[in-house]
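Thanks for coming, everyone. Please have a look at the structure on the screen, and I'll walk you through a few parts of it.

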Amino acid sequence: MPRTSRLLLAFLLGISAASFEPVTRLMASPAAGPEPSGPPQEGKLHPVAATAPDIPFIDDEFQTEQQLLTLANQSRHQAGIPPLTLDPGLSRAAYEHAQSMLRARQLSHQFQGEPSLPQRLGSSARLLLDQEGENVALDYDAQHGHEHLMLSPPHRANLLNPAYNVVGLGVVRSGDQLYIVQDFGHALPSYSPTEVKEHVAGAVQQKRRQFSQAQLQRRDLQDADSAACSMAQADKLGTLPIRKLAEHATVLSYTSLHPETLPSQANHAIGSRNLHSFSVGACYLRTETYPTGAYWIVLSFQ
């Protein structure tokens with residue numbers, strides 16, 4: 001590509017999320033069938049008897065959460081799947097949602113006015129997630145809760161999903177019943193902006209070798225990071241600082257969860273024989289589009 005040409009590529013990677021599993025009333029009955037497409041639907045429950053007080057058995061709830069984790073990992077071990085790691089941030093989000101279900105006296109993945117699952121997890125956990133999923137249930141103890149979840153194909157799929165490596169567990173007792181929430185996620189490595197730029201730079205030079213082109217000098221522009229952060233703060237690509245960079249260089253701006261992998265749109269620019277140097281700018285931020293975070297990256301070539 002000639003050095004005088006201008007390019008502004010906007011490549012936005014959506015964070016894939018596991019579809020919400022159907023709300024299932026898991027007491028002593030088989031799981032309900034799949035729910036219709038569209039927003040998560042709320043499952044109706046029979047009201048808990050007024051004579052059954054809400055007893056804050058915190059120690060009992062904690063033990064139940066530990067039992068649920070043990071049972072989940074036992075099932076994963078039997079299926080040849082790596083165990084889940086309990087994350088305190090995800091557990092906080094799960095517990096708060098279990099309390100919301102108790103107040104509403106029904107199961108749901110999202111009540112009116114409540115943030116979505118990715119937003120709930122993003123506000124509580126300090127993890128970079130690219131997949132999320134959730135199980136909710138009402139049962140009497142951990143053993144029966146786990147058994148009934150495993151009898152429901154969609155809930156079983158969450159429990160045995162090999163992509164998930166972290167989980168948050170929330171249990172709230174109401175009389176002799178337990179509101180149970182399991183929040184699953186696939187946590188990615190967390191990098192500093194400097195580490196992100198090193199990964200991107202390494203990927204650029206690797207691409208140059210693949211195209212049998214000379215290695216480029218890396219000359220990071222002074223305002224490259226601020227340009228990347230302008231995108232993050234605006235929650236969009238192609239901000240004014242990015243457009244200004246594009247007046248003098250070939251620019252690729254994008255978001256990524258895997259900085260070691262370049263978007264395919266970068267191949268044409270990186271393979272050009274007329275390039276001599278490149279710059280990398282990076283910024284990490286949680287936004288409305290990316291509630292669990294994303295790396296905002298700007299690559300410029302000259």
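Strands β4 (166–174) and β5 (177–188) run antiparallel and are joined by nine bridges. Two strands count as paired if DSSP finds at least two bridges between them.

Before going on, a word on what you are seeing. This is a predicted model, in which local features need pLDDT of at least 70 and side-chain atom pairs count only at pLDDT 80 or more, while totals for chains, interfaces and linings use all residues. Residues are numbered from 1 along each chain as its sequence is written, and side-chain values use heavy atoms, with hydrogens and water left out.

How confident was the predictor? The pLDDT, its confidence in each residue from 0 to 100, averages 81 over the protein, and 80% of the residues score at least 70. Over residues 1–57 the pLDDT stays under 50, although the model has 137 contacts beyond four places in sequence for them.

Now the wider picture. The protein has nine helices and nine strands, and 51% of its 302 residues count as buried. Buried means under 20% relative accessible area, exposed means over 50%, and partly exposed is in between, using a 1.4 Å probe and protein chains only.

Back to our sheet. Which order do its strands take? The sheet is open, with four strands in the order β2-β4-β5-β3 and mixed pairing. β2 and β3 stand at the edges with a single partner strand each, so one side of each has no neighbour in the sheet.

Two helices lie across β3 and β5. Helix α3 runs at about 105 degrees to β3, and helix α4 (residues 142–151) at about 115 degrees to β3. Those angles run from 0 to 180 degrees between N-to-C directions, with axes fitted to C-alpha atoms, for helices over the stretch in contact. In α3 (residues 117–124), the buried residues are Leu117, Arg120, Leu121, Gly122 and Ser124. They pack against α2 (88–104), β3 (128–139) and β5, where a contact means heavy atoms within 4.5 Å.

Finally, the rings. The structure holds four aromatic pairs. Rings of Phe, Tyr and Trp (its six-membered ring) pair if their centres lie within 6.5 Å; planes under 30 degrees apart are stacked, over 60 edge-to-face, and the rest tilted. Tyr164 and Phe184 are stacked, because their ring centres are 5.5 Å apart and their planes at 15 degrees. Tyr164 sits in the loop between α5 (153–159) and β4, and Phe184 in strand β5, 20 residues apart. Both Tyr164 and Phe184 are buried.

Tyr284 and Tyr295 have centres 5.6 Å apart and planes at 55 degrees, so that pair is tilted. Tyr284 is in strand β8 (residues 277–285) and Tyr295 in strand β9 (residues 294–301), so the pair ties together parts eleven residues apart in sequence. Is each one buried or partly exposed? Tyr284 counts as partly exposed, at 31% relative accessibility, whereas Tyr295 is buried at 2%. Together with Tyr191, these two tyrosines, Tyr284 and Tyr295, form one aromatic cluster.

How values were computed. pLDDT = per-residue confidence, 0-100.
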